[in-house]
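Here is a short briefing to read alongside the sequence and the 3D view. Keep both open as you go through the points below.

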Amino acid sequence: EDQVNIAAVFHDGSIRDELYLRIVPSATPSSFTLYEDDGVSIAYQSGEVRTTLISQMMEGKRVSVSIAAAEGTFTAAGKVRQNILELVLEDAGKPTAVSLNGTPLIAVMDDADWDATDAGWFQPIPGLLWIKTGSLNVDLVKTIEVMLP
């Protein structure tokens with residue numbers, strides 16, 4: 001069975017189908033709900049929509065970002081996607097550990113390795129951290145934890 005993925009079309013014409021999040025962690029927990037629909041019809045008015053709760057919290061040297069299981073669906077909704085996080089941190093140094101659902105993610109050392117990896121993390125400059133979860137089912141809870149030095 002063929003699967004059609006609805007993807008975002010950006011201003012420059014490029015098409016992306018991953019979930020890309022830019023997060024500035026805070027000691028004050030926060031969250032928001034991502035709403036998705038087919039982008040071309042009014043089917044959302046009859047409930048064809050998918051929602052995903054995304055939350056963050058920073059406790060001391062631990063940053064936690066959670067991408068909840070998606071709820072609902074719409075015509076041609078993709079079932080798997082890559083999740084890319086960009087964490088904007090005060091210059092706290094290089095993380096001592098980055099994990100996804102308790103499993104360590106591997107650090108990559110340069111832009112080429114970052115582009116080539118499916119899952120892992122990279123610190124391109126002090127105070128900025130990029131994380132890829134790999135392509136995962138949208139129904140799976142994803143908890144990313146970063147331990148700072």
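**A hairpin, its neighbours and a buried aspartate**

Strands E5 and E6 make a hairpin with two residues between them, and Gly60, in the turn, has a positive phi of about 60°. Please keep in mind that this is a predicted model.

- Strand E6 covers residues 62–67, and its pairing with E5 is antiparallel, with six bridges.
- If you want a spot to look at, find Met58, which stands opposite Val63 in E6.

**Other partners of E5**
- E5, which spans residues 49–59, also pairs with E4 in the antiparallel sense, this time over seven bridges.
- Within that pairing, Thr33 has Leu53 in E5 as its bridge partner.
- Strand E7, made of residues 71–73, runs antiparallel to E5 and is joined to it by three bridges.
- Here Arg50 is the residue to look for, as it stands opposite Gly72 in E7.

**Asp38, in the loop between E4 and E5**
- Where does Asp38 sit? Its place is in the loop that links strand E4 (30–36) to strand E5 (49–59).
- Asp38 is buried, yet it has no salt bridge.
- Which side chain of opposite charge is nearest to Asp38? That is Arg50, and it is 12 Å away. A salt bridge requires the charged atoms to be within 4 Å, so Arg50 does not qualify as a partner for Asp38.

**The protein as a whole**
- How many helices and strands are there in the protein? The count is one helix and 13 strands.
- Read from the N terminus, the order of elements is β-β-β-β-β-β-β-β-β-β-α-β-β-β.
- The protein has 149 residues, and 36% of them count as buried; Asp38 is one of the buried residues.
- Taking contacts between residues at least 6 apart in sequence, 64% join residues at least 24 apart.

Methods
Residues numbered from 1 in each chain as written. Predicted model: local features only at pLDDT ≥ 70, side-chain atom pairs only at ≥ 80, totals over all residues. Heavy atoms only, no water. Helix = DSSP H or I, 4+ residues; strand = E, 2+ residues; numbered from the N terminus. Buried < 20%, exposed > 50% of the residue type's maximum accessible area, 1.4 Å probe, protein only. Lys, Arg positive; Asp, Glu negative; His and termini not counted. Contact = heavy atoms within 4.5 Å. Pairing = 2+ DSSP bridges.
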